[in-house]
Amino acid sequence: MNIALLGFGVVGGGVYELCRKRTDLSLRRVLVRSDKPEIASIATRSFDDILSDPSIDTVVEVMGGIHPAKEYVCAALNAGKHVVTANKALIAACYDELIALARKNGVALRCTAAVGGGIPWLINLERVKRLDSLSQVGGIMNGTTNFIMDAMHAAPVSFADILKKAQELGYAEADPSADIDGDDIRRKLAISANIAFDTALSETEIPTFGIRTVTDGDIASFQRRGFVCKLIATALRCEDGVCAFVEPTLVSRQEPEAAVPANYNLITYTADAIGRQSFFGQGAGRFPTAANVVQDCLDVLGGKTAFYSVPSAAAKLCADAVAHPYYVRTAVMDPWLTSITADHWEGGVITSAVPVGQMLRWAKERLAADPTCFIAGIR
Ligand code: HSE
């Protein structure tokens with residue numbers, strides 16, 4: 001396989017190192033934005049050098065972002081080159097368009113590293129579907145937020161201080177909004193749900209509440225009652241479509257999610273015959289992520305060219321199909337919240353079971369009026 005690599009950052013450097021050790025994967029060109037003396041003989045700043053080179057059969061895109069990654073990926077697919085990408089933003093935003101383009105051109109589009117970094121999650125999701133029917137997917141799919149929540153349970157520390165530490169350790173981005181507001185995990189959930197249920201849900205449809213407003217007081221209150229709070233993504237098959245949502249979730253100390261340490265992920269599917277299977281590991285990082293990229297290349301080399309799923313007729317997103325109680329902390333009660341209040345904890349109230357979509361719509365509006373508001377679903 002003759003590969004062109006788009007991007008030579010953290011993951012690109014890892015792909016380069018792993019390919020160097022192999023005789024069956026030949027890295028011919030690397031698209032760079034600045035001079036890289038260590039790869040001077042194969043580096044180029046021109047994507048056309050790659051597109052017009054008929055000897056390159058596979059483009060590996062690890063530059064991230066939607067533009068110009070989308071233009072490069074579409075051009076590569078149209079030129080009859082296989083594409084392997086780790087770019088979750090691109091796959092989530094252009095899901096059915098890219099799948100259709102790969103099919104039309106008879107080439108592969110693979111993206112195992114886009115969800116779960118180094119965890120072989122999507123590849124097993126694809127595999128289990130050959131024999132079984134999936135009913136639920138999701139879990140802890142963002143390492144930065146798990147690091148923050150884990151640290152806040154280990155010792156009293158403010159959200160702002162632990163976020164700063166996560167940034168210093170290189171877990172959170174300089175602008176950590178995508179992690180702490182839940183956009184990153186929502187993208188991973190959208191891709192996973194679409195593959196699991198053969199849908200083409202849009203990431204922006206999935207109701208989401210992040211962890212930006214959690215306090216050490218909230219955590220102390222949860223711990224006193226035997227709960228651990230984690231940012232959890234959930235998608236499940238329901239009568240009319242798929243119920244998908246992302247929210248801080250209180251799980252009991254005995255649940256596997258409660259024990260997930262530091263910046264690890266724990267991603268789970270449930271299927272009718274085999275029941276629950278979970279995948280634990282590093283959801284980010286140079287070599288874990290690069291390993292999944294290179295595994296995709298080896299799969300394509302071995303003849304695996306179909307996408308993980310074929311999106312079928314439009315499926316509805318039904319966020320109100322599931323209901324459960326919530327912890328809600330807000331500066332001012334309103335009549336709706338009062339009408340569903342079943343109990344009081346130190347900082348907030350506990351509601352009766354509320355449809356998830358309804359609560360997440362309310363919470364989003366509430367944040368505009370009360371930017372300190374925090375909610376958590378109780379599982
Ligand atoms: N920011 C992401 C995380 C990186 O913390 O999980 C991998 O997508």
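The chat below takes up some helices and their packing.

Tutor: This is a predicted model, in which local features need pLDDT of at least 70 and side-chain atom pairs count only at pLDDT 80 or more, while totals for chains, interfaces and linings use all residues. Residues are numbered from 1 along each chain as its sequence is written, and side-chain values use heavy atoms, with hydrogens and water left out.

Student: How far apart are the end C-alpha atoms of H10?
Tutor: They are 21 Å apart, which agrees with the 21 Å that the 15 residues of H10 (residues 183–197) should span at 1.5 Å a residue, the expected span being 1.5 Å times one less than the number of residues.

Student: Switching topic, how many residues of H6 are buried?
Tutor: Seven of the eight residues of H6 (residues 121–128) are buried, among them Trp121, Asn124 and Glu126. The buried residues of H6 pack against several elements, including H10 and helix H12 (286–301), where contact means heavy atoms within 4.5 Å.

Student: And which residues make the contact between H7 and H8?
Tutor: Helix H7 (residues 143–154) and helix H8 (residues 159–168) pack at about 130°, with axes 10 Å apart. Phe147, Ile148, Ala151 and Met152 of H7 meet Phe159, Ile162, Leu163, Lys165 and Ala166 of H8.

Terms used: Helices (H or I, at least four residues) and strands (E, at least two) are DSSP runs, numbered from the N terminus. Axes are lines fitted to C-alpha atoms, for helices over the stretch in contact, and angles run from 0 to 180 degrees between N-to-C directions. Buried means under 20% relative accessible area, exposed over 50%, partly exposed in between (1.4 Å probe, protein chains only).
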